[in-house]
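Good morning, and thank you for joining this group meeting. Please look at the sequence and the model as they come up on the screen.

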Amino acid sequence: MPTARPDDAALPGAAASPGARHAEGDETRFTVVAPSGIGEVSPGDDLARIVGDALDREGGLRDGDVVVVTSKVVSKAEGRVVAAADREQAITDETVRVVATRPYPGGVLRIVENRLGLVMAAAGVDASNTPEGTVLLLPLDPDASARALRAALAERFGVRAGVVVSDTAGRAWREGLTDLAIGVAGVVALDDLRGGVDSHGRELSVTVTAVADQIAAASELVRGKASGRPVAVVRGLGRFVTDEDGPGARVLVRASETDMFREGSAEAYARGVTAGQVAGRAAIERVAHEGGYADGYREGFAEGFREGTGNPVQG
């Protein structure tokens, strides 16, 4: 979905339009394949070797391919499985800012900003497909994970490929979940089309396409959630694969100054009510204070005249 920003807003990490980069293959189609045989990944496993072996069984990699790997297997290989008798405490530990909370029959849903700057449910803490009494945290640095995997695959297959680390999240205004990119290496994360023209010759002023998110979402359609295929190869999008690793997925995180929805609607309403109540109490106290002073002055003035001094009695 295009991202609307002011015409003159700087967008770090956004690339020029695809025509200015490597033009490879048919731009009207691409394919996605999810290799089998990955199996269970454990802390300390060589993920690059595991992924490389699976890709070898599918014929290896070609120049311009994009390899999408779920954050779950990256986290497992990097030892982000932690003991947690209480998942809620793990969520709290990973939370930087609470956006919204809502009760539901099983507890309280928390939408929060985590340490990576990502806004998602439960801070990305996952309790599925992990041993009892443990939870799975997101990688410490998904961009670094993507860069390391890209380097290892490039060395093994001798090709210029990109890597995307994906995770699942909900979206404002939309039902359902989709995968998005939380780590990127060698792939244009944002494609800035501003300054170009549409099919009618009108200048594009706000269109910045989240390419890495679209690639992650497309790959999930063949990987699935319970198929045991946490890796996919997207072929045919070589025009979005870059020579350098690039700035990573951080450029996809909206800056706070342009975020119009930094808190939930109920939270914003409650904050407004509280602020109004505080301001109202302060106004009432001020009026009462000023009114009390005026009453006292009038009473003192009258008392002074009653004593025959012509001035208020001085205490």
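Let me begin with a definition: two strands are said to pair if DSSP finds at least two bridges between them. Helices (H or I, at least four residues) and strands (E, at least two) are DSSP runs, numbered from the N terminus. What we have here is a predicted model, in which local features need pLDDT of at least 70, side-chain atom pairs count only at pLDDT 80 or more, and totals for chains, interfaces and linings use all residues. Residues are numbered from 1 along each chain as its sequence is written, and side-chain values use heavy atoms, with hydrogens and water left out.

The chain contains six helices and twelve strands. Of its 315 residues, 38% are buried, that is, under 20% relative accessible area, with exposed meaning over 50% and partly exposed in between (1.4 Å probe, protein chains only). Taking a contact as heavy atoms within 4.5 Å, 67% of the contacts between residues at least 6 apart in sequence join residues at least 24 apart.

Next, confidence, given as pLDDT, the predictor's confidence in each residue, from 0 to 100. The average for the chain is 84, and 80% of the residues score at least 70. Residues 1–8 have a pLDDT below 50, and this stretch has 18 contacts in the model beyond near neighbours in sequence. Residues 16–23 are also below 50, with 20 such contacts.

Let us now consider the sheet. Three strands form an open sheet in the order β4-β5-β6, with antiparallel pairing. At its edges are β4 (95–104) and β6 (119–121), each of which pairs on one side only. Strand β5 (residues 107–114) joins β6 over three antiparallel bridges, and E113 stands opposite V119 in β6. In general, strands of a sheet pair through backbone hydrogen bonds, either parallel or antiparallel.

Finally, helix α5 (residues 211–223). How far apart are its end C-alpha atoms? The distance is 18 Å, which agrees with the 18 Å that its 13 residues should span at 1.5 Å a residue, because the expected span is 1.5 Å times one less than the number of residues. The buried residues of α5 are V211, A212, I215, A216, A218, S219, E220 and R223. Just after α5, G224 adopts a positive phi of about 70°.
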